[in-house]
Amino acid sequence: MKILVNLIQLGVVLAILYPVYYVWDTGRVEDFCELIEPGISVSELQLLADEQSVTLNMPTDNETGQWMTSVESSASIDRFACVIIGAVDSVATARLVTE
């Protein structure tokens with residue numbers, strides 16, 4: 001019985017903390033996406049990502065010169081991400097995607 005009470009207490013604590021984490025994490029992704037301007041270089045984008053403490057998974061093997069990456073919220077149950085599309089060494093667009 002004591003284990004059941006402890007599990008219920010843990011569930012209540014998680015139900016209280018999750019919305020706070022969700023707002024913080026999605027806000028972090030949204031703020032990063034708003035800072036990206038079309039035309040910045042990939043190195044500037046990586047520097048911006050480091051400053052904002054987000055992880056970019058840039059493609060390394062690219063034959064066409066076009067690339068796409070995203071920064072996703074880990075707290076979101078649905079997909080909340082900043083999708084960044086570029087060509088060669090510069091950013092073309094950055095937009096928020098929610099699904």
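Helices (H or I, at least four residues) and strands (E, at least two) are, for this talk, DSSP runs numbered from the N terminus. With that in mind, alanine 92 lies in strand E3, which covers residues 90-98.

Before I go on, a word on the source: this is a predicted model, in which local features need pLDDT of at least 70 and side-chain atom pairs count only at pLDDT 80 or more, while totals for chains, interfaces and linings use all residues. Residues are numbered from 1 along each chain as its sequence is written, and side-chain values use heavy atoms, with hydrogens and water left out.

Let me turn to the overall layout. The protein has two helices and three strands, and from the N terminus on these elements run α-α-β-β-β. The radius of gyration, taken over C-alpha atoms, is 18 Å, well over the 13 Å that the globule rule (2.2 Å times the number of residues to the power 0.38) gives for 99 residues, so the protein is more spread out than a compact globule. Along the principal axes, the C-alpha atoms fill a box of roughly 60 × 25 × 25 Å. Of the 99 residues, 30% count as buried, where buried means under 20% relative accessible area, exposed means over 50%, and partly exposed lies in between, with a 1.4 Å probe and protein chains only.

Now to the cysteines. Which residues does the disulfide join? A disulfide joins cysteine 33 to cysteine 82, with S to S at 2.3 Å, and the rule that a disulfide is a pair of cysteine sulfur atoms within 2.5 Å gives a count of one. The pair links distant parts of the chain, since cysteine 33 sits in helix H1 (residues 2-35) and cysteine 82 in strand E2 (residues 80-87), 49 residues apart. The link of cysteine 33 and cysteine 82 is right-handed, with 70° about the S-S bond. Cysteine 33 counts as buried because its relative accessibility is 7%, and cysteine 82 is buried too, with a relative accessible area of 0%.

Finally, back to strand E3. Is alanine 92 buried, partly exposed or exposed? Alanine 92 counts as partly exposed, because its relative accessibility is 41%. Leaving aside residues up to four places away in sequence, alanine 92 touches Pro38, Ile85 and Gly86, a contact being heavy atoms within 4.5 Å. Alanine 92 and glycine 39 are 53 residues apart in sequence, yet 6.1 Å apart in space, C-alpha to C-alpha.
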